[in-house]
Amino acid sequence: MNVLIIGSGGREHAIAWKLAQSKKVEKIYAAPGNGGIAELAECVNLAVTDIQGCLNFAKENKIDLTVVGPEVPLVMGMVDAFEKEGLKVFGPNQECAQFEGSKAFTKEFLMRHQIPTAKYKEYDDYDTVLKDLGVFGYPMVIKADGLAAGKGVLIVEDEKAARDGLEMMMKDRVFGDAADKIVIEEFLTGREASMLCFVDGKTIVPMESAQDYKRAYDNDQGLNTGGMGTYSPNILFDDDVLNQRIQKEILDPIIAGFVKDQMDFKGILFIGLMIEDGNPKVLEFNVRFGDPETQSVLMRLDSDLYDIMESVINGRLSENPIKWKKEAAVCVVMASGGYPGDYQKGKRISGIEKVNDCIVFHAGTKIVDGELVTNGGRVLCVTALGDTIEDARKTVYDNIVNISFEGAEYRHDIAKL
Ligand SMILES: Nc1ncnc2c1ncn2[C@@H]1O[C@H](COP(=O)(O)OP(=O)(O)O)[C@@H](O)[C@H]1O
Ligand SMILES: [Mg+2]
């Protein structure tokens, strides 16, 4: 089979790495891919938003399966475009991608199906929301409805900050159309966790759990990032009562809601949760693999990912149980100096060949004149398995010191339990 992977991050490298292990997969292409993916796949210079270009490429190259990694093409309707031409594609259609493309759409779904979540209100008019400042008290959570590359949520402490934030979103239009509508929410406290699930329209199957680290710098001292590391399994889910409650109060009603609303959700559902005193509530949905959760989780997947993707598309997920490795996994992200603020690109990367017992997934790299250089904020994801989380952690940190590029930064406390 020929596979086309849409995307260029560590997540897509991990997907390519896992699919390459399938006996059924002969050739992998990636659009646009990166310096690491290029070792497994033929990278083609097409943007993830170039739906027509990707579609033409898939037809011309007899692609049997296209896997869409990032949210933007999903929300744009890439899956619908492929399906319309009779091509097999992994990911939710445009209707279902609204679960990531619109916070209000998700909140309405959660309310309709009585799934626990923060109280909320939605607005499309600046003057109306001003009348409601602090309706849920402070801190107040303000969210741009649409896609904002992880920057569209503000948590403000008082009325002045709320006014400033709303003005920035709705008057200055810093997030453009994404804040044409906004959602305000009750502030939840507790521990945050996420779950990645395979969904085939009628069955939802959670993957092994992972914990991510969102902030830069050790002990969460830096700003929010796309993710600085993960480990799997997440010790927070080492709790049968909690897992049963999540199944009964969240997963079961989600899938029943999809069926009832006649939404044929197929692909990955990422559920963001806040858990307080054993009570799980949904913070948000994403409709694709999380990055860098995927790097840890796919390292632990024993089953064939191509088979799973096919069974998702065919609505046969319940027929074969998914197998996972017993080992734990740890992933540490090496980032460019300054990330998530300004950083430089094009720095030469050396020493990857000295790394043992790890898989180095590339997030932001490219090959220039035969040399591997940095090409993004997050550059590499050094990932290892171990009998325990501590073993996997040791392998990663013993090896990461071999890799260098100017300004490289990484956290030293990932999976330090
Ligand atoms: N209702 C809430 N109460 C407390 N914190 C929240 C709430 N909603 C979101 N957050 C915090 O803001 C972060 C981003 O919000 P989220 O809804 O996940 O949006 P996105 O990932 O699209 O930016 C969450 O990871 C969480 O830390
Ligand atoms: Mg989120």
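**View 1. Ligand 1 lies between two domains of this predicted model.** Domain 2 (120-185) and domain 3 (191-319) both give residues to the shell around ligand 1, so ligand 1 lies between them. Domain bounds come from an automatic or database domain assignment. The model is predicted: local features need pLDDT of at least 70, side-chain atom pairs count only at pLDDT 80 or more, and totals for chains, interfaces and linings use all residues. Residues are numbered from 1 along each chain as its sequence is written, while chains are lettered from A and ligands numbered from 1 in the order in which they are written.

**View 2. The shell around ligand 1.** Its residues are Ala 118, Val 141, Gly 150, Gly 152, Val 153, Glu 185, Phe 187, Leu 188, Glu 192, Gly 272, Leu 283 and Glu 284. A residue belongs here if its C-beta atom, placed from the backbone, lies within 6 Å of the ligand. Six are nonpolar, three polar and three charged. In this classing, Ala, Val, Leu, Ile, Met, Phe, Trp, Tyr, Cys and Pro are nonpolar, Asp, Glu, Lys and Arg are charged, and the others, Gly among them, are polar.

**View 3. The domains of the protein chain.** The assignment gives domain 1 (2-93), domain 2 (120-185), domain 3 (191-319) and domain 4 (328-400). Between the C-alpha centres of domain 2 and domain 3 there are 27 Å.

**View 4. An open parallel sheet.** Five strands take the order E3-E2-E1-E4-E5. Strands (E, at least two residues) and helices (H or I, at least four) are DSSP runs, numbered from the N terminus. Two strands pair if DSSP finds at least two bridges between them. Strand E3 (42-43) and strand E5 (89-90) are the edges, each pairing on one side only. Two bridges join strand E4 (65-68) to E5. Thr 66 has Val 89 as its bridge partner in E5.

**View 5. An open antiparallel sheet.** Here the order of the five strands is E12-E13-E16-E20-E17. Strand E12 (211-215) and strand E17 (359-362) form the edges. On average, neighbouring strands are turned by 25° against each other, direction ignored. Axes are lines fitted to C-alpha atoms, for helices over the stretch in contact, and angles run from 0 to 180 degrees between N-to-C directions. Four bridges join strand E13 (224-232) to strand E16 (328-335). Gly 229 stands opposite Val 332 in E16. Helix H12 (389-400) packs on the sheet, touching E13, E16 and E20. Contact means C-beta atoms, placed from the backbone, within 7 Å. The direction of H12 makes about 135° with that of E20.

Terms used
Contact = placed C-beta atoms within 7 Å.
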